[in-house]
Amino acid sequence: MATTPSFPTQLYIAGRWCDAESDEGLVVRNPATEQPIAEVHQASVTDVRRAVTAAREAFDVGPWPRMKPAERAAVLLRLADEIERRLPELIAINMAEAGSVRRLAETLQTRVPLHHLRDMAERVMGEFAWTTPMAATPAPGVGISQGEIRREPFGVCALISAYNFPFFLSMMKLIPALAAGCTAVLKPAPTTPLECLILGEFAEAAGLPPGVLNIVTGDIEAGHELTTNAMVDLVSFTGSDTVGRMVYTQAAATMKKVVLELGGKSASIVRADADLDAAARAALVGITTHAGQGCSLLTRTIVHESVHDELVERIRAGLAEVRVGDPANETTTMGPLISATQRDKVEKLIQVGTDEGARIVIGGGRPAGLDTGYFLEPTLFTEVDNAMTIAQTEFFGPVGVVIRYSTDDQAIDIANDSPYGLAGAVFSADTLTANDMAARIRTGGVTINGGSAGVNPRAAFGGYKQSGIGREWGTFGLDEFLQTKTVTWAAR
């Protein structure tokens, strides 16, 4: 196992590292070894209130919201420089606490959010229309109205992140919040707090004013305080749709703005004329990336009946080559699930699949020789009907399902027959038909023949239906953290 670097374990409030009110700590375990790697302070409700108060003061009287966008951009670039300088530490922490394999830790988990940060600071903030002139418009019997539309920071933001991509997801919230001039309280998931706590050190080195970023740990009580506290103006949450509904309900009492990035059961439609190697690779990525712990991964493969058996065999052959094990090992291609609880949930769903009549092509159990760690075999189901539980429920584990279809309309109906709508894909040699089908799939994003917006900082990321509310990344993410104000004056 790789050596994990040192990291902060205290709370970060008002620009200072401080102890939590309670002596009760939060133990962080390496999911590949089940061994503790850290014990961090666990915030109480009182601690969270202190953090919110600090963010409120920093917003109401501090310099950050009043800086020019170019001045904030300069600080964000210093933040990017500090993150880049300490990337090796961040990568090591990610492998240890989140269980990412090295390739994923070095790319999507760390370098991609850094790319997003630089793009926001170097380009988006300079191009964004912070103030837009409003043309003089005559109003019969009243006079002429003219003025401008201003974009202003929303206020104090509660940023609640998920365990699967701790640094990436936190940065996708923090980048636009800071760029907009907001102040924030960041709460990571209890199982993966280390990559978020270290952000406090990065912020200090970059010269972020005290109180602009506050970081607290904790679980249900801490989250509840953030979603109900009257001093919080906006809540951005990433996690399950079940918890997302709770967040939405809790925030409603004080009419907070809510941005939700929730679950998915994303479908890949494979037409008869598709490149089956490319379609099989997409299925492999959907099943094995971070052991299937990704909301936008393609986990339903909807394949034309004429190529069904051939595609299933290609996916099966690819899964047979997957190396499950220590994430820090260069040869490992799939690591563990985050916890025993999550593994148990996935195993129960696998059993439901077999009980409902689906057939396991490969996998379905725990890997031989890996008695320690929260590992599962990559698993593929076929003979699946879209009404089955395994076709409708998000596993958040290394499991994919294959569903047959006979017509394009039927494929679209199956893809859209889901409570979720986060991502999707179409594979076809007929790109015009593929583009038409992409337009009919009710999701926030669709790729055609393997295209990916995952590393594009100008893309919009978010979902339809129960996959969430609002968008992240680029100007779309920045918009969520800005209020729109109309200022008019008399024309003379």
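Modeller: The model is predicted, so local features need pLDDT of at least 70 and side-chain atom pairs count only at pLDDT 80 or more, whereas totals for chains, interfaces and linings use all residues. Residues are numbered from 1 along each chain as its sequence is written, and side-chain values use heavy atoms, with hydrogens and water left out. Helices (H or I, at least four residues) and strands (E, at least two) are DSSP runs, numbered from the N terminus.

Within H14, which spans residues 408-416, the buried residues are Ala411, Ile412, Ile414 and Ala415, where buried means under 20% relative accessible area, exposed over 50%, and partly exposed in between (1.4 Å probe, protein chains only). Because they cover an arc of only 165 degrees around the axis, they lie on the same side of H14; the arc is that of the directions from the helix axis to the C-beta atoms.

Turning to the nonpolar cores, each is a set of buried Ala, Val, Leu, Ile, Met, Phe, Trp, Tyr and Cys residues joined through side-chain atoms within 4.5 Å. The largest one has 71 residues, and those with the most contacts inside it are Ile83, Leu199 and Leu478. Its largest share, eleven residues, comes from helix H6 (residues 166-180). In soluble globular proteins, nonpolar side chains tend to be buried together.

Leaving aside neighbours within four places in sequence, Ile83 is in contact (heavy atoms within 4.5 Å) with Leu90, Leu114, Leu117, Phe167, Met171 and Phe202.

Aromatic rings come next. Rings of Phe, Tyr and Trp (its six-membered ring) pair if their centres lie within 6.5 Å, and planes under 30 degrees apart count as stacked, over 60 as edge-to-face and the rest as tilted. A search of the whole structure finds six aromatic pairs. Phe128 and Trp130 form an edge-to-face one, with 5.2 Å centre to centre and 65 degrees between the planes. Phe461 and Trp473 have ring centres 4.9 Å apart and planes at 15 degrees, so this pair is stacked, and both residues are buried. Ring pairs also link Phe165, Phe168, Phe461 and Trp473 into a cluster.
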